[in-house]
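Could you walk me through this fold, one feature at a time? I'd like the general idea first, then the case at hand.

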Amino acid sequence: MSSAKDIGLPEALERAAAALPRDADEIRPANGDPFALLSLLDVEASQRVMEWLLANEPVAGSELVEAWADAGGDAAALVARTDASGFPKEARKALRRAHHRMRSRGESIPEPVPQPVVATLPKVVDEIAVSLVSGLDPRGTRMAYIVENDPSGGARLFAVALEEGRGVRELEVFSAGRSKVKTFIRECTRREAYPAIEAPLESVQALIARSAAAQSANSPAPRSFVEWRSHIASPAAGASTPGELARAALEAEAALEAGDLERAVALVRDQSIGPWPPPNETLSEIVKRLGELAEGVVVVSAAAKQEQLDRELDQAVERVFDAAFAACSANRFEETAYVFWRGDAPEDARACLAAADAFRASKSEFRELGRAMLEVVLAPALKAMDRPPESAESGDEPSTVSP
């Protein structure tokens, strides 16, 4: 859910354009004008845009509803037949206020269909459909969730574990009663570590599809994913991933600045995000090399020792962040931008976008950031190198050897 309380209609419509790519060419020329928007969209598209705003940007959605309710004609008819149930509280209030004003003017508003006390069919109000993504854990794995109505009754939940560069790690499919699935989703969104955040269905599908396209040959997709792939990983052409939605919204507000990349380095160093290490075999080689460095030459000069370590870490950055892993890191930072953006931390989101841009540029652009990531990953090995040699601990004088 959006938590940006002051998002205006123009900014919200830009987000809607990113989330609804098939309507984007009609949304953007309106420049945030609700009446121009109405003239550009057909009835079905108008319904989609209004409902998306009410569900995802209730403040802006309420503004649109008020404008259209007073416009008369097709716009008012659209507002009149929109049921308030199922939307966030603020959006429901806006629709009910609009319906009240329209009734006061003598306009007809369809009454909600009363629900029978005993029903043999699922109630419409019990239908559930939501899609979410979690943040990335320190190893770079994240969860995607898609919940839909189960044709046989109840709800069906797809829980997909994704790892950038390796593909779909796990897929579990559950069928359960709606109340149980709603409880599960509530717990996912409220947990302290890597809570799930709502994202448009097409964006979640686009994220899953991109991960699947990069499936590692050494780690085939689970059999269940092969069965369900066309169902959960077939977005509409041109659909944006959550990170791409965040980029479209934030870059529409202002260009990225040099300080944004510095903030990204700080986020990595204080372990707010990342460090998203390279593959185990690559990491093992670096740790082995650092161990050899620590056990080889006894260096008295702290400055010389640091120079030697700096050289080794710079070489590790060169080896680790090849084109493939740099691209992987760029995607991870961009997707993390969505988490910060929806979590009402736009400065951190912009920092992640700057980091993604750096990893898509040259090594000179991301060398400092890449080194920060490696230093966090290698912290135990680096700490071991700082311990004095055994000879010094036992009281013997260390030998002086030039590096």
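Q: What should I know before I start?
A: This is a predicted model, so local features need pLDDT of at least 70 and side-chain atom pairs count only at pLDDT 80 or more, while totals for chains, interfaces and linings use all residues. Residues are numbered from 1 along each chain as its sequence is written, and side-chain values use heavy atoms, leaving out hydrogens and water.

Q: How many helices and strands does the protein chain have?
A: Helices (H or I, at least four residues) and strands (E, at least two) are DSSP runs, numbered from the N terminus. Here the protein chain has 19 helices and five strands.

Q: What share of the residues is buried?
A: Buried means under 20% relative accessible area, exposed over 50% and partly exposed in between, with a 1.4 Å probe and protein chains only. Of the 403 residues in the protein chain, 46% are buried. As for contacts (heavy atoms within 4.5 Å), take those between residues at least 6 apart in sequence: 68% of them join residues at least 24 apart.

Q: How do strand 1, strand 2 and strand 3 pair?
A: Two strands pair if DSSP finds at least two bridges between them. Strand 1 and strand 2 are antiparallel with four bridges, and V130 is partnered with V147 in strand 2. Strand 2 and strand 3 also run antiparallel, joined by nine bridges. Those two make a hairpin with five residues between them, and G153 in the turn has a positive phi of about 115°.

Q: Can we zoom in on V160, and what does V160 touch?
A: V160 sits in strand 3 (residues 155–163) and is the bridge partner of A144. V160 is buried, at a relative accessible area of 1%. Leaving aside residues up to four places away in sequence, V160 touches R142, M143, A144, V168, E170, L171, I208 and I232.

Q: Which residues of helix 10 are buried, and which are exposed?
A: An α-helix has 3.6 residues a turn, so residues three or four places apart point the same way. In helix 10 (residues 223–232), F225, W228 and I232 are buried. Seen down the axis, these fall within an arc of 90°, so they line one face of the helix; the arc is that of the directions from the helix axis to the C-beta atoms. On the other side, R223, V226, E227 and S230 are exposed. The buried residues pack against strand 2 (141–149), strand 3, strand 4 (167–176) and helix 9 (201–213).

Q: Which residues touch the most other members of the largest nonpolar core?
A: In soluble globular proteins, nonpolar side chains tend to be buried together. A nonpolar core is a set of buried Ala, Val, Leu, Ile, Met, Phe, Trp, Tyr and Cys residues joined through side-chain atoms within 4.5 Å. The largest one here has 68 residues, and I208, F321, F333 and F359 touch the most other members. Helix 15 (residues 323–342) gives the largest share, ten residues. A second, separate core of 35 residues includes A16, L54, V65 and A91.
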